[in-house]
Amino acid sequence: MTSRGGGFSKAPVRAAAFNAELAVKPAEPTTLDRPRSRSEARSNVVRAQTPTKTLGEVSDLGRSYNHVPARVNLTKAIQMGKLRNPMENASHQPMWSASARTELESTRPTLAASGGTRATSATADGRARAATAAAANQTYPALQPQRIELPAYLNTPARRPDNAPVTPEEKNTSIKRIRDLEMLTFACRRANKIREEGRAYFSLGVLQDNIGNYEKAIKSYANFLKVCKECNDTQGCALAYHCLGVDHQIKGTSDSKPDMLRKSLYFHNKHRESSDSVGKFVAHLNMGIAYSELGEKEAATVNHQYALRYALQLHSLEGQSLAIGNLGFATGMYDNDPDKMRLLIERYVELSDTLKHHHTQAGAFQKLGTLASQQGKFDESRSFFQQAIDAAKQQGNKEAEKTSRVNYGIAAGQARMKEHLAEILERSMKGITA
C-alpha cells in the first residue's frame, strides 16, 4: 500500500515494529493469530509494544556478572594522580602568581595533571613546611618574575615555585612523566593532532621548569610556540612568549648573563603586544624587574608605572601591591627621592595589611626605618625598626628579627649621638677650666 505522494507506506514499518516486539516478549497466540479486523490488529500492536517490564535492569543480570562502579575507578584515578579532583579545582586561584610567592604556593593543593602526578601526603606536608620556612626567612619581598596561572580545567601540570628544592621522589616522577609526554608528542605529530601536540609540549615545559631544567623547558616552549603559530592560536602564542620570557629572565638573573635578560625583554614585549590587560600587566611587571637587573633605572620605573596603571584598571589590590612593591624595593628612579619612596612603602604596607600578606611587612618596615635614618629622623627610624621586630616575631622570621634588632641599635645610637658628643665636650671643657 503506497501513499499519494509516491513514497512508501507506513504498513511495513508497523509490521517490523510488531515483529521486533514479538521477539522480545512472546505474545499469546489466541489474541494475535490472524486478527479479524484492522482495529483489532491495531489494538494488538499497542499491547505488544508496551512491555510489562523495563529491559536492562540490574536485577536481570546473573550473579556471575562482575562489575566495578565508575566512582571506584574515579577515586583510584585521583589517588594515582591521573585525574584532578574536581572539588579542589573549584577553589579560586589568582590570575597570576610570582614564581617565588611561597605563601600562595604552600597553600595551593598539589594537583595532578596530564603531565604531573599527585605527591604523597608526606611529600606535600614536607613541601608546605619548606615553603613556609622559606617565607619566614624572607626579609624583603622577592623581586621575582610573575607567572600566569592557567585554569584548572585545562588539565596542565601544577607549577612549582622556581628555584625551589626538589625531592628525589618528585624528580623521578617528573622524569617519568616527561618521557611519557615526549612519546605523546611524537604520536600526536604522526596522527596529525596538532593541538594535542601543543598541549603536550607546554606540559613538558612546565615539568622541566619544576625540576630546574630551564634550557630544556625553553626548547619545549619554543615547540609550543611553533604549534600555536601553525594553528593561528593568538592566546597560545602569548602564553608561549610569556613562558619563554620568564625562563630566559631566570637564567639571565641566576647566571648573571645580560644577553639572556635582553632576550627575555624581547619575549616579554611580544607577550605584551598579543595579550589582554592581565597579560600586559604581567609583561610590564616582568620587564620592569629585568630592566632593574640590567641597571636601567628609568626603564624599570616606567614599566612598573605601566603595571600599576593596568592593576588600577583591573581593580586588583594584589596587582597594585605587586606593582607598588616593585616600585619601592627595586632599583629605580625613586632611589634618590626618599619622600616619594616613603609614600610608596607606606601604601605597600596598607595593601599588605588588607590582603593579609603579613610575611612582607617586616621588610617594608625595615625599608621605612632605613629611609627615616637617611633623612636624620632617628626617632621615627627606631619606631619603624621596632614594628619590623614585632612583625618578624609574629611570622617566626629569625633572620628579619636579627637584622631589625641590629638596625634598631644603630638608630638608637645615632639618635643619642648628639647628646653623647655634647656630654663629652662639656666634660672636656670642665677638665680644662679645672
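Reader: In which helix is Leu-421 found?
Author: In this predicted model, Leu-421 belongs to a helix that covers residues 417-433. That helix is H20.

Reader: Which residues form a nonpolar patch on the surface, and what accessible area do they have together?
Author: The patch consists of Met-417, Leu-421 and Ile-424. Residues three or four places apart in an α-helix point the same way, because there are 3.6 residues a turn. Together, the residues of this nonpolar patch have an accessible area of about 270 Å².

Reader: How many helices and strands does the protein chain have, and what share of the residues is buried?
Author: The protein chain has two strands and 20 helices. Of its 434 residues, the buried share is 39%.

Reader: What percentage of the contacts between residues at least 6 apart in sequence join residues at least 24 apart?
Author: The contacts considered are those in the protein chain between residues at least 6 apart in sequence. Among these, the share joining residues at least 24 apart is 62%.

Reader: How many aromatic pairs does the structure hold, and what is the geometry of the one formed by Phe-202 and Tyr-221?
Author: The structure holds five aromatic pairs. In the pair of Phe-202 and Tyr-221, the ring centres are 6.0 Å apart and the planes make an angle of 50 degrees.

Reader: Which helices hold Phe-202 and Tyr-221, and how far apart in sequence are the parts that the pair ties together?
Author: Phe-202 lies in helix H9 (residues 194-210), while Tyr-221 lies in helix H10 (residues 214-231). Both Phe-202 and Tyr-221 are buried. Ring pairs also link these two residues with Phe-224 into a cluster. Because Phe-202 is in H9 and Tyr-221 in H10, their pair ties together parts whose separation in sequence is 19 residues.

Reader: What do the buried residues of H10 pack against?
Author: The 18 residues of H10 should span 26 Å at 1.5 Å a residue, and the 25 Å between its end C-alpha atoms agrees. Its buried residues include Tyr-214, Ile-218, Tyr-221, Phe-224 and Cys-228. The helix is followed by Asn-232, which has a positive phi, near 60 degrees. The buried residues of H10 pack against S2, H8, H9 and H11.

Reader: What do the buried residues of H12 pack against?
Author: Helix H12 (residues 258-273) has 16 residues and reaches 23 Å from its first C-alpha to its last, close to the expected 22 Å. Among its buried residues are Met-260, Leu-261, Leu-265, Phe-267 and His-271. The buried residues of H12 pack against helix H11 (234-254), helix H13 (277-294) and strand S2 (146-148).

Reader: Which residues does Thr-185 touch, not counting those up to four places away in sequence?
Author: Thr-185 is placed in helix H8 (residues 168-190). Its relative accessible area is 7%, and Thr-185 is therefore buried. Thr-185 touches Glu-197, Ala-200, Tyr-201 and Leu-204.

Reader: Which residues does Glu-197 touch, not counting those up to four places away in sequence?
Author: Glu-197 lies in helix H9. With a relative accessible area of 2%, Glu-197 is buried. The residues that Glu-197 touches are Thr-185, Cys-188, Arg-189 and Val-227.

Terms used
Residues numbered from 1 in each chain as written. Predicted model: local features only at pLDDT ≥ 70, side-chain atom pairs only at ≥ 80, totals over all residues. Heavy atoms only, no water. Patch = residues over 30% accessible without salt bridge, like charges linked within 9 Å, V, L, I, M, F, W, Y side chains within 5 Å. Areas by Shrake-Rupley, 256 points an atom, 1.4 Å probe, with all protein chains shown as cover. Salt bridge = Lys/Arg side-chain N within 4 Å of Asp/Glu carboxyl O. Helix = DSSP H or I, 4+ residues; strand = E, 2+ residues; numbered from the N terminus. Phe/Tyr/Trp six-rings, centres within 6.5 Å; stacked < 30°, edge-to-face > 60°. Buried < 20%, exposed > 50% of the residue type's maximum accessible area, 1.4 Å probe, protein only. Contact = heavy atoms within 4.5 Å. Expected span 1.5 Å × (residues − 1).
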